[in-house]
Amino acid sequence: MTTPAKTFYIETFGCQMNAHDSEKVIGTLEHEGYSRVEDEEAADLILYNTCSIRDKAEQKVFHRLNEYKRMQGEGKKFAVLGCVAQQEGNKIFEKAPFVSLVSGSASYRNLPEMLVRLEAGEKRITGLDDRQTEETFDTEFTARSNPHRGYITIIEGCDKFCSYCVVPYTRGKERSRSSESILAEAKRMAEAGFTDIQLLGQNVNSYHDPLGKKSFADVLAMVGELSGVRRVRFTTSHPRDFTPDIVQVIDSMPTICDHVHLPVQSGSSTVLKAMQREYTRDWYLERIAWIKAAKRDISMTTDIIVGFPGETEDDFEETMSLLDVVGYDGVFAFQYSPRPNTPAVGMAETVSDEVKAARLQRLLEAQRERQRVSYERHLGQIVEVMVEGYNHQRGQVTGRTSQNKTLNFTTTLPILPAIGSYANVRVTKTFPNSLVGEAVSAA
């Protein structure tokens, strides 16, 4: 007598960390005998991996759960994972009684045991770890969604406690993997054919080797030295832990991508203090100066929040001026919205929604013009591109440069380059958010 197949469907929202968490969850489920399906109707177990960063994240989660409710009479089981799961905890059972499992990311290592309890018929299973846990979710069973580009989480959690951010409360304290386990995973990936490896962490450069052997820059170098690895990226860096040796390793190793994402959040020291970022504008600009002094042309991108409580017009103008001073190649900008359990929730809102929206629009328009000029420096350059896909309608191949810029190019070859391969491309045209070119040869 054969055992009936166990199937699952997973839906993921949020950042790259969440997406990679789902890869590890999927691999764990498959190792436990589950088969993934692409249609929730065909699944025995439906998992919803949530994110709490954006405005009204909890409302969106419960709205989605309400949509799932129609299937509860079909014998399906439901699990809520991720940041909203950790944040809301047992409230999820109260608002959505058909949910059987609620787990924050710090408890994913216990998934096999929680699945056994779920299969035994237990109705309310929680994995809501104390933020003081030292454990990380290391697994060899990661189901990587891209066969050429792979992710490795090297540090989990956050100890920074910025006043607007919920992450320290949903992902726990900072805890790093050993450099040996990172290298072992990177070697397995390289041997499996991955050429592009991206190191992840809420604050990836806050990494501290529990073995005391390697700095973050050392980890970058050891992954970049692996045979078969052509690109190593890292995200997201925190300015407080950004050190000169990071720039030095980018400068000295061509495999380390020439791109740094360094969130500033505001150009005003007054606002930065209210945000509890624990650095000033000048302190941040000192790190930018290190990057600009490099021999390589290192692309810089950032995150900015507009309309934080207390932000004046002068404060906002300081942020606007930072765009010129730094010369970012990309800015991810958002209007401030209060998040549950954060110190900023108690701050009086001093910037209206209308002013927030107007400031955001001004910033984005100004940055677009700066990027239009900035991207023009690539005109005529020959750059290496990793092929990501095809736009058959335009007759173009879509790829990405080591600076993490989209480059759409044409080729005269009768066969299109394979996804995951590399090509040398001459840039013939530039736009504010992308480049256009012609293939020169295979890289």
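Predicted model: local features only at pLDDT ≥ 70, side-chain atom pairs only at ≥ 80, totals over all residues.
**Entry 1: nonpolar cores**

I started with the largest nonpolar core, which has 55 residues. I listed the members that touch the most other members: Ile154, Leu199, Leu220, Phe234, Tyr328 and Leu363. I then looked up which element gives the most to this core, and found helix α8, residues 216-224, with 7 residues. There is also a second, separate core of 21 residues, and I noted Tyr9, Ala57, Phe62 and Met71 among its members. As background, nonpolar side chains tend to be buried together in soluble globular proteins.

I took Ile154 from the list and looked up its contacts, leaving aside neighbours within four places in sequence. Ile154 is in contact with Leu199 and Leu200, with Ser176, Arg177 and Ile182, and with Val204, Tyr207 and Phe216.

**Entry 2: helix α8**

I checked how much of α8 is covered, and found 8 of its 9 residues buried. I wrote them down as Phe216, Ala217, Val219, Leu220, Ala221, Met222, Val223 and Gly224. What covers these buried residues includes the strands β7, β9 (196-201) and β10 (231-235), together with α7 (179-191) and α9.

**Entry 3: α8 against α9**

I followed up α9, residues 244-252, as a packing partner of α8. The two helices pack at an angle of about 15 degrees, with their axes 8 Å apart. Angles under 35 degrees count as roughly parallel, and α8 and α9 are therefore roughly parallel to each other. I recorded their crossing as right-handed. From α8 the contact uses Phe216, Ala217, Leu220 and Ala221, and from α9 Asp245, Ile246 and Val249. I sorted the contact residues of this pair by class and got 6 nonpolar, no polar and 1 charged.

**Entry 4: α11 against α12**

I looked at a further helix pair, α11 (residues 281-292) and α12 (residues 313-326). Their packing angle is about 15 degrees, and the axes are 12 Å apart. By the cut-off of 35 degrees, α11 and α12 are therefore roughly parallel to each other. I noted that α11 passes α12 in a right-handed crossing. On the α11 side I found Arg281, Leu285, Ile288 and Lys292, which meet Glu318, Ser321, Leu322, Val325 and Val326 in α12. By class, the residues of this contact are 5 nonpolar, 1 polar and 3 charged.

**Entry 5: Tyr151**

I looked up Tyr151, which lies in strand β7, residues 149-156. Is Tyr151 buried or exposed? Its relative accessibility is 12%, so Tyr151 counts as buried, the cut-off being under 20%. I then checked its position against His20, 131 residues away along the chain, and found the two C-alpha atoms separated by 6.7 Å. His20 is also one of the residues that Tyr151 touches, not counting residues up to four places away in sequence.

**Entry 6: Thr401**

Thr401 has a relative accessible area of 6% and is buried. What does Thr401 touch, not counting residues up to four places away in sequence? I listed Arg231 and Arg233, then Val383, Glu384 and Val385, and also Leu407.

Key. Residues numbered from 1 in each chain as written. Heavy atoms only, no water. Axes fitted to C-alpha atoms, helices over the stretch in contact; angles between N-to-C directions. Helix = DSSP H or I, 4+ residues; strand = E, 2+ residues; numbered from the N terminus. Parallel < 35°, antiparallel > 145°, perpendicular 65-115°, else oblique. Left-handed = near helix turned anticlockwise from the far one by under 90°. Contact = heavy atoms within 4.5 Å. Nonpolar A, V, L, I, M, F, W, Y, C, P; charged D, E, K, R; others polar. Core = buried A, V, L, I, M, F, W, Y, C linked by side-chain atoms within 4.5 Å. Buried < 20%, exposed > 50% of the residue type's maximum accessible area, 1.4 Å probe, protein only.
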